[in-house]
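Please look through the sequence and the model shown here, and then follow the paragraphs below, which lead from one part of the chain to another.

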Amino acid sequence: MSPEADSARKSIGAKRSLESAEAILEAAEAVLIENGYSGFSIEAVARRARAGKPTIYRWWPSKTALLLEVYQRQKRDIAYSDTGDIEQDLFIFARSLFAQWRETPAGNIFRSLVAEAQQDPAAAEALATYAAGRRAHTGKLIERAKARGEVAADVDPTQVADLVSSYAWVHLLTGRLDEDEATLRQAIRHIVHGIAVRG
């Protein structure tokens, strides 16, 4: 973007008003909780927040962008432990993620994001970008384990992160977030050690 275009964008109010942004995000959360994904729209949020649609679109260029920020507001801190044992670290991470999705509105919001991504290429791209960032973050657990010699040098950390996330996503999307800890621990053990017979 040229300096002139950037200046013009700022001159029409591209910078968020904290008070207005908070009102819009609170309205978005309320609409999503009360009406579900099927009743969630920029129009509904604008009505509830008493804000203009252009204002919302100026700060959130799509419904997905707004949903992602609502999701981030609902999230608690996910546990990225460093116990010195990669199996334990991944188990703690997965248990924390399951609990967050199960016990807060974040799970329903993330399901909404996945649903939106199935019908909107822009939403799919936004979700993929978000997931890539989270994958890299989770991959740091594996990188630490590689550094201490616990994981083979040729293992791709982001691929392992994908395996853990895939397990979590399928449970989220099929309503199985109440997995008991023993089963969850066993799943992580399979990811860490594989399923082949060990001699």
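Helices here are DSSP runs (H or I, at least four residues; strands are E, at least two), numbered from the N terminus. The model is a predicted one, in which local features need pLDDT of at least 70 and side-chain atom pairs count only at pLDDT 80 or more, while totals for chains, interfaces and linings use all residues. Residues are numbered from 1 along each chain as its sequence is written, and side-chain values use heavy atoms, with hydrogens and water left out.

E116 has its place in helix 7 (residues 106-119), and with 6% relative accessibility it counts as buried, a word that means under 20% relative accessible area, where exposed means over 50% and partly exposed lies in between (1.4 Å probe, protein chains only). Apart from neighbours within four places in sequence, E116 is in contact (heavy atoms within 4.5 Å) with Y37, K63, T64 and A123.

Salt bridges, in which a side-chain nitrogen of Lys or Arg is within 4 Å of a carboxyl oxygen of Asp or Glu, come to a count of 13. In one of them R48 pairs with E34, their closest N and O atoms being 3.0 Å apart; R48 lies in helix 3 (residues 42-49) and E34 in helix 2 (residues 18-35), so the pair ties together parts that are 14 residues apart in sequence.

Another salt bridge joins the side chains of D89 and R148 (3.6 Å, N to O). D89 is buried, with a relative accessible area of 0%, whereas R148, at 32%, is partly exposed. R148 also meets E150 in a salt bridge (2.8 Å, N to O), and a network of salt bridges links D82, D89, R144, R148 and E150.
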